[in-house]
Amino acid sequence: VVSEHETQERLSDAGIGVQKGCRLGVRVKIAESLTVGEGAIVGAHADLRGNLPDYAIAVGQPARPIRTR
């Protein structure tokens, strides 16, 4: 089990910005130097290769926004 602090530290070291209120599913892959917008949701097993705007919902491989919330 990895703590939230350890997770944030690992993401930060890779240049990945995860904004407030984001939800990431299990086994999500995020390319380096990307930003996941505030309140965004990334589905399980998604492969995120581009920045995700605020409140977007993305799924798939590669992950694509399917709608906003």
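The legends below describe close-up views of a predicted model.

Local features are reported only at pLDDT of at least 70 and side-chain atom pairs only at pLDDT 80 or more, while totals for chains, interfaces and linings use all residues. Residues are numbered from 1 along each chain as its sequence is written, and side-chain values use heavy atoms, with hydrogens and water left out.

View 1. Helices (H or I, at least four residues) and strands (E, at least two) are DSSP runs, numbered from the N terminus. Along its principal axes, the C-alpha trace spans about 30 × 20 × 20 Å.

**View 2. Four strands form an open sheet in the order S2-S5-S7-S8.** The pairing is mixed; two strands pair if DSSP finds at least two bridges between them. S2 (23-24) and S8 (63-68) each have a single partner strand, so one side of each lacks a neighbour in the sheet.

**View 3. Strands S7 and S8 run antiparallel.** Five bridges join S7 (residues 56-60) to S8. Glycine 60 lies opposite alanine 63 of S8.

**View 4. The largest nonpolar core has 15 residues.** Such a core is a set of buried (under 20% relative accessible area, 1.4 Å probe, protein chains only) Ala, Val, Leu, Ile, Met, Phe, Trp, Tyr and Cys residues joined through side-chain atoms within 4.5 Å. Ile30, Val36, Val42, Leu48, Leu52 and Ala63 have the most contacts inside it.

**View 5. Leucine 52 touches residues that include Val36, Val42 and Pro65.** A contact means heavy atoms within 4.5 Å. Thr35, Gly37, Ala40, Ile41 and Ala58 are also touched, not counting residues up to four places away in sequence.

Notes: Buried < 20%, exposed > 50% of the residue type's maximum accessible area, 1.4 Å probe, protein only.
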